[in-house]
Structures are given as C-alpha cells and as structure tokens.
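Here is a short briefing for a reader new to this structure. Take a look at the sequence and the model, then follow the points below.

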Amino acid sequence: MISVIIPTLNAQASLAATLTSLVPAFVEGLIREVIVADGGSQDRTVALAEQAGATIVTTLPGRGVQLKAGATKARLPWLLFLHADTVLDAGWEREVSTFIDKVDTGTIKPSAACFRFALDDAGARPRTVELGVAVRTALFKLPFGDQGLLIPRTLYDDTGGFSELPIMEDVAIMQKLGRARVTRLRTRAITSAERYRSEGYFRRILRNQGCLALYLLRVPPARIARLYAPGRPSLTS
C-alpha cells in the first residue's frame, strides 16, 4: 500500500535506525517497498540500504532531485517521504493506517499528512524548537521535510510533486497542497538533533527561519542555497 522514499547522502550513521522504525509496518503489510534515493554517498549508506532490501535509485545530490526521482520509481498508491535521520515513533503505523482508510473510503477528502516534529535531545532548547515547529505547522500548515510527508499518489501527481529545487522543496510542495489538504498526525517523527548541537541551537533556528522568510519573500531558491551553504551539494531543511 505504501512506498517509502528516503533521500540519502552519507547517511550510514542514522539510516539503520530509520529503516528499523519501518519494520512493524512491513510485518503488517502496510509498507510494500522502500526506495532509497542516494545522491552519491561515499560511505556505507548504499550497502546498508541494499542489505535491508531497499531499492536503490542513484541521482545527483539535492533533496528535490532525489525525492522526485524516488517518487518516479515508486509503484504503490501511497507515498511516504522520510528523511534518513528521522525515526518514526512506535505504533506510527496504526495512526497512518487509520488516516489512509479515511481518505480511501471518502470519509475525508484527499489530503496529505505530516508527523509531529521531535528532536532526540533533552533539555529546554529542543522542547522550545518543537513548540515553535508545532505552532508553525498549526497556524500556517508549513511543515518541513523532517516531519515526513504521507500523500496519496494521485494527489502527489495532481500537484506536480516535488520540484527539483536546491532548497525549500518541502515548503514548495506544501504550498501546492494548500492548508486545507495537510493534516498533522499525533505520532512523532523524531529527528536527530546533531545539526542543532554542532551548529548551535540559536544559529540553526535563525538559519531555518531565515531561509523560510526569504523563500516566502520570493527570493530564488538557488540564491537562498548559496547564502545558506555555499559549495554544498546537499541541503538539509
């Protein structure tokens, strides 16, 4: 029923945990395929994905390119886009199955869903970030890619899917969907806080919000990417 698409680039440190969180849904038959869209990893990312039985799609680096390529390869009626450093909370498959049933039976109109953002770190700073993301998602229906995206294939195709942008591809597809077609689930998508710790929480928050503000002000994504990470081939939202 679900094709999972995971974009990767040198993700060996986190990919195994991400894949492990999908196992219960495999057992229940909810997930039928996992596609790892790799942007040219130089570590053991591809080997780990192959060992787990994933289908490998090799692309140029960049999340927009990778997500689009993975979706093109997918064969099933529902797509779940998930970052390689994000682990879905235990029991996630039950809530997702309920949501899919409601859409498929017409109980609710065709729509997409994201998860509740969480960081794998303790203390006040990660909780503050989580609160900010929750407010942004509730008010503006603009979840970032680290909250995952569950979407019917037909709706994905109708919106044109992911754009091959160098950054903000996640916000772009949410804008195509519109507020009325995005639901936030209760289940947490627990993302690695390593980038927050290494860059500093304040700097990371400032960078994220700055990129979003520039994008909403219609600054070209290529220019935002150069400001954010000049010379880097793969960008993290």
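D170 lies in helix α8, which covers residues 169–177. The model is a predicted one.

**D170: a buried charge**
- D170 is buried, yet this residue has no salt bridge.
- R63 is the nearest side chain of opposite charge, and it is 6.2 Å away.
- A salt bridge needs a side-chain nitrogen of Lys or Arg within 4 Å of a carboxyl oxygen of Asp or Glu.
- The D170 side chain does reach the backbone nitrogen of G145, at 2.8 Å.

- T18 counts as buried because its relative accessibility is 0%; the cut-off for buried is under 20%.
- Leaving out residues up to four places away in sequence, T18 touches I6, L82, H83, A84, D85, T86 and V87.
- K68 is 50 residues from T18 along the chain, and their C-alpha atoms are separated by 20 Å.

- Is F140 buried or exposed? F140 counts as exposed because its relative accessibility is 51%, and exposed means over 50%.

Technical notes: Residues numbered from 1 in each chain as written. Predicted model: local features only at pLDDT ≥ 70, side-chain atom pairs only at ≥ 80, totals over all residues. Heavy atoms only, no water. Helix = DSSP H or I, 4+ residues; strand = E, 2+ residues; numbered from the N terminus. Buried < 20%, exposed > 50% of the residue type's maximum accessible area, 1.4 Å probe, protein only. Lys, Arg positive; Asp, Glu negative; His and termini not counted. Polar contact = N/O pair within 3.5 Å; in protein donor to acceptor, adjacent residues only side chain to side chain. Contact = heavy atoms within 4.5 Å.
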